[in-house]
Amino acid sequence: MGRLDDKVAVVTGSSRGLGEGIARRLAAEGAAVVCADVMDASEVAASLPVAPSGAGPKAVHLDVTDNGAVEEAMRAVADEYGRIDILANNAGVAQPICEIIDTPDDVIDKVFAVNVRGVINCSRAAARIMKENMWGRIINTASQTGKVAWQGWGIYSISKFAVVGLTQVMALEMAPYNVTVNAICPGTMFTDMTKTGFGMAAEMQGRVRDELLAEHIDGIPMKRLGTAEDIGAMAAFLASDDAKFTTGASLNLTGGEQVFF
Ligand SMILES: NC(=O)c1ccc[n+]([C@@H]2O[C@H](COP(=O)([O-])OP(=O)(O)OC[C@H]3O[C@@H](n4cnc5c(N)ncnc54)[C@H](O)[C@@H]3O)[C@@H](O)[C@H]2O)c1
């Protein structure tokens, strides 16, 4: 028996990277997983196991910034699967490295649209359904940069501070309905986003990306990058009954890179 047998989960941003890791682990623990992404997530969904109930995984095209589409998609999942038990708000975008005073308007708008408004859109659409069922788990992928200022990634950092705040407020609002709301704050993880970020930094400094990355890893107390499996494990814990009294928490997943609260 899996900890999440027959739970219905929606994982945003699950066509690759950390979202794929979350989708894989939730499915491995028995959940029927809907992979929602603006990119094609059908390969990931097709490779996930069917839940013990016989409910199959599926991919849906979803831009989390489109509130109408989000409302429609969450309702469609609830109609097809009977409910939504777990929402992992993982879709997110990064930014070019620059100080806040130099950040172009379109970058600010895009980062806030996906990382903040997108999380609000999905959370409230799913939370209304969870409230009806008096059970739910919302798991937000924030960041260590949502707890400490991250110079050069300022707008991104602010957007993740907002996710930590949203997690705390919604935890209070949803507690009476047996819906927990928590966040995971990853450090530097081994994904495309990290490779691109270090690529930009290397170019600006006239350095070689992999050398820069190796130096960074050397500064991480556990001497490695986090993985999709690491976040999948933490998400499965937060989704399970083992975490039924945990709400409003923003848990570090950093190998020691960030240990502050
Ligand atoms: N990689 C890291 O080191 C790191 C660290 C801390 C936090 N995070 C956060 O983890 C999450 C996943 O990051 P990742 O490294 O796997 O990045 P990634 O770029 O590999 O994956 C992001 C996913 O989000 C999807 N996405 C982007 N915009 C979307 C939209 N509007 N609607 C729906 N889906 C959308 C993308 O298509 C992609 O599948 C993000 O929220 C990111 O901010 C990453």
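N178 sits in the loop that links α5 (154-174) to β6 (179-186); helices (H or I, at least four residues) and strands (E, at least two) are DSSP runs, numbered from the N terminus. This is a predicted model, where local features need pLDDT of at least 70, side-chain atom pairs count only at pLDDT 80 or more, and totals for chains, interfaces and linings use all residues. Residues are numbered from 1 along each chain as its sequence is written, and side-chain values use heavy atoms, with hydrogens and water left out.

N178 is not a glycine, yet its phi is positive, near 65°. Its relative accessibility is 36%, so N178 counts as partly exposed. Buried means under 20% relative accessible area, exposed over 50%, and partly exposed in between (1.4 Å probe, protein chains only).

D6, in the segment before β1, also has a positive phi, about 70°, without being a glycine. D6 is at 28% relative accessibility, and therefore partly exposed.

Now β1 itself. Five of the five residues of β1 (residues 8-12) are buried, so the strand is largely enclosed by the rest of the structure. V8, V10 and T12 point one way, A9 and V11 the other.

Which strands does β1 pair with? One is β2 (residues 32-37), parallel, over five bridges; pairing requires at least two DSSP bridges between two strands. In that pair, T12 stands opposite A36. The other is β4 (residues 86-89), also parallel, over three bridges, with V10 opposite L87.
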